[in-house]
Amino acid sequence: MSDPAASTDELVKGLWRDNPVFVQALGMCPVLAVSNTAVNALAMGLATTFVLCMSNVAVSLLRSFIPRQVRIATYILIIATFVTVVDYVIHAISLDLHRALGAFISLIVVNCLILGRAEAFASRNPVGLSLLDGLGNGLGFCLALFSLGAVREILGSGTLFDVSLFPAGFQGWVVMILPSGGFFTLAAWLLLFNWVRARRAGRLVAQEVPS
Amino acid sequence: MTAPSDAWPMYRAMVGVGVLCGALIVTVFLATRPTIERNEAEALRAAILEVLPGSDSSRSFAWSATDARFLESAPGSRERDLVYAGYDGAGALVGVAVEAGGMGYQDRIQLLYGYAATLERIVGMRVLQSRETPGLGDRIEKDPAFLANFSDLDVALAPDGETLAHDVEAVKNGQKTEPWQVDGITGATISSEAIATIIARSASVWLPRIRAHVAEFAAEEGGAR
């Protein structure tokens, strides 16, 4: 926590450089399943972010208390608890949203992104850094889900946040709302991400080799 | 083998974390339950008033098989076999909303329909719960042309008063010729048929009962709440 540059780095790395979806390709199940509308995608992203932050903080606080042999079981217990909390809170906030996300709220438990951050980061780092790591990765996950959800909702239903974007009579591209649309959109985003990265890497090489 | 002294930290960690997690879940459950129940009651109330156009209050009634009559139940109760009577501003009965459910294309569909007993018509329908295919089957919830089927659907009883004169049935889009037919949605044939079947099955049980006992819904003195 003492070094502000390191703290910022923990926050930013999950957002862009190590984006959980576009770079690490983690947590694909909710990414493909609930990104059919922008609202569902954002709600899922925020719920995951909350669980990720809380489980990172809890795991980090308890890291000297949990023996290595039972760490995975304990992490799952902690994650499942926060997922249940989120489930009740979403249910209290909106019945429609709870119905739309359905089983996928409970499935946050098995999102490998969360267990992955607990094991790889929070179990070895202090609370403050773990929180930032969780926040960064969670927001990166949100960003990815929202990119998919927005594209799929616009192309599939002609709306964004239920606001109609096209003149009446627009026929939605139904496949985009169906599961296969999730794969197409994800592929397109991955292509774009990798192209940008490759170009940037190429430019760095070009700078080092004087022409 | 692990000696007891090595096992102790494991028990301590797992049981300790388990107790803390349990306490947290119970706290959140107790804190959110009133809101969730209030929202659900509110959603049901809104649905009742929607499927009975012109109503602005409702009371719930339970069918008592032993007394063979409808008895008013406490507001907010979740007994089985409930129907909801809707009243207009003057306290007159508009109709009775009935909840029904059955299998759709993907999962169970739960819906509420409004029955205007004097007109012998279904005057409104709303899907309460469904997981039909997004973009195709889920149009049973929002498609205005499909929902228009249920703003005036003929469910007249046969002369004996025990069965429907004509079963509610779904037909292909654009082929509706009779007032008891439901004009289906192209691309959502199974979901459209499921809705018609759910209503037909529920109507054949409930409508003869409601029609025969319609006086019990209006009999309460003091009008509607």
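This is a predicted model: local features need pLDDT of at least 70, side-chain atom pairs count only at pLDDT 80 or more; totals for chains, interfaces and linings use all residues.
Biologist: What share of the contacts in chain A comes from residues 24 or more positions apart?

Modeller: Those account for 76%, counting contacts with a separation of 6 or more.

Biologist: On to chain B. How many residues of chain A are in contact with it?

Modeller: 25 residues of chain A are in contact with 21 residues of chain B. On the chain A side, helix 4 (71-93) and helix 5 (95-101) each supply at least two residues.

Biologist: Which helix gives the most?

Modeller: Helix 4 of chain A, with eleven residues. By class, the side of chain A that touches chain B has 16 nonpolar, eight polar and one charged residues.

Biologist: Now helix 4 of chain B. How many residues has it, and what does it span?

Modeller: That helix, residues 189-212, has 24 residues and reaches 34 Å from its first C-alpha to its last, close to the 34 Å expected.

Biologist: Where is the kink in it centred?

Modeller: On Ala203(B), with a kink of about 40 degrees. Ala203(B) is also one of the buried residues of helix 4 of chain B.

Biologist: Which others there are buried?

Modeller: Among them are Ser191(B), Ile195(B), Ile199(B), Leu207(B) and Ile210(B).

Methods
Residues are numbered from 1 along each chain as its sequence is written. Chains are lettered from A and ligands numbered from 1 in the order in which they are written. Two residues are in contact if their C-beta atoms, placed from the backbone, lie within 7 Å. Helices (H or I, at least four residues) and strands (E, at least two) are DSSP runs, numbered from the N terminus. Ala, Val, Leu, Ile, Met, Phe, Trp, Tyr, Cys and Pro count as nonpolar, Asp, Glu, Lys and Arg as charged, and the others, Gly among them, as polar. The expected span of a helix is 1.5 Å times one less than its number of residues. The bend at a residue is the angle between axes fitted to the seven residues ending there and the seven starting there. A residue is buried if 20 or more other C-beta atoms lie within 10 Å of its own, exposed if 12 or fewer, and partly exposed in between; C-beta atoms are placed from the backbone.
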